[in-house]
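Here are some notes for reading alongside the structure. Please keep the 3D view open while going through the points.

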Amino acid sequence: MNRRHALLTLGATAASVASGTVAAQQTVTLRLHQFLPPQAPIPSRALVPWARKVEAESGGRLKIQLFHAMQMGGTPPQLFDQAKDGVVDLAWTVLGYTPGRFNKAEVFELPFMCGGAESSSRAFHAYIEKNAADEFRSVKMLAAHTHGPGLFHTKQPIAGLESLRGMKIRGGSRIINNMLVKLGATPVGLPVPAVTEALSKGVIDGATIPWEVAPSIKITELVKNHTSFAGKDGLFTQTFAFVMNRGSYEKLPDDLKKVIDANAGIEAAALFGKAMDEGDKIGLELATKAGNRIVALDAAETQRWRRTASAVESDWIKEVKAKGIDGAKLVAEARAAIAQHA
């Protein structure tokens, strides 16, 4: 009986070891969903390189299946919840598409807050980790980032602040829409993929987007005027998050979790920011080659816009105070992070 028991124990142990080896060597496929066409800078210069790096570092045991341009269904504002609820494993999205949900993160959208995308993205990710991690506890945050300096792309030229009055301008978040109201425009809230049709059908007269996304939605063909501002900061920015379903992460073996962890954080945020900066150069170059009118308002005129838009910051501080959030403190934290990573 002792001999038989020993053999059974040995067999069970061997089976357990074999099972563990199979589990450790199994291939896991993760579905990544996002809203832009594959040729846009973020998919081509950030998401695809990120996916290939993860696959290589996992020894091929992690496979990232990319679904571009909402191929898995739904709308861009639903992407965060698709990742949270496990409809997909990974999602890249614009935080401003779900207004009122990421209150502390909104501070980076305030007028003239951010400049270059790579440095601002480092600052934004660090700010989120320190001040707004609770807004993302339902998912695993991989990278939080911004785009580069925001500007206007319009059918009619903008010579000064008065030119904007009455124009119907696409805004990408509630903060940007409030800013457009203060500046005299009529805001029209739209996700990026809807801008092309809205411009072509005359629903809007222009759009607030960075240069990087302009080529993928044919902005330089639909409008001929592009207006930016003096100094390194853009009129606005939008904030983005690359997130993972918590269950999808927790089910991974420890060594594959380490691969994901090694490709998350401030350096991942910088990768996305760098892609935005590179895309800005391409977008500007294409508009220049097309012979479009590209104007940078001078320092004096830019200062007028700054003074007018400053009311947006005051509004935001009051709004979040009503939710128990110290907005003035968060503005100071955001500016300190931006200065640190400049």
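This is a predicted model: local features need pLDDT of at least 70, side-chain atom pairs count only at pLDDT 80 or more; totals for chains, interfaces and linings use all residues.

1. Strands β6 (residues 168-171) and β7 (residues 186-189) run parallel and are joined by 4 bridges. Within this pair, lysine 168 stands opposite threonine 186 of β7.

2. The two strands are part of an open sheet of 6 strands, in the order β7-β6-β8-β5-β9-β11, and the pairing is mixed. Because β7 and β11 (293-296) are at the edges with a single partner strand each, one side of each has no neighbour in the sheet. On average, neighbouring strands are turned by 25° against each other, direction ignored.

3. An antiparallel pair in the sheet is β5 with β9 (residues 225-228), joined by 3 bridges. Here phenylalanine 152 stands opposite threonine 227. α5 packs on the sheet, where it touches β5, β6, β7 and β8, and its direction makes about 155° with that of β6.

4. α5 is largely enclosed by the rest of the structure, because 7 of its 10 residues are buried. Among them are Ile175, Ile176 and Leu180. The buried residues of α5 pack against α11 (299-321) as well as β5, β6, β7 and β8.

5. Leaving out residues up to four places away in sequence, phenylalanine 242 touches residues including Trp50, Trp92 and Phe272.

Conventions: Residues are numbered from 1 along each chain as its sequence is written. Side-chain values use heavy atoms; hydrogens and water are left out. Two strands pair if DSSP finds at least two bridges between them. Contact means heavy atoms within 4.5 Å. Buried means under 20% relative accessible area, exposed over 50%, partly exposed in between (1.4 Å probe, protein chains only). Axes are lines fitted to C-alpha atoms, for helices over the stretch in contact, and angles run from 0 to 180 degrees between N-to-C directions.
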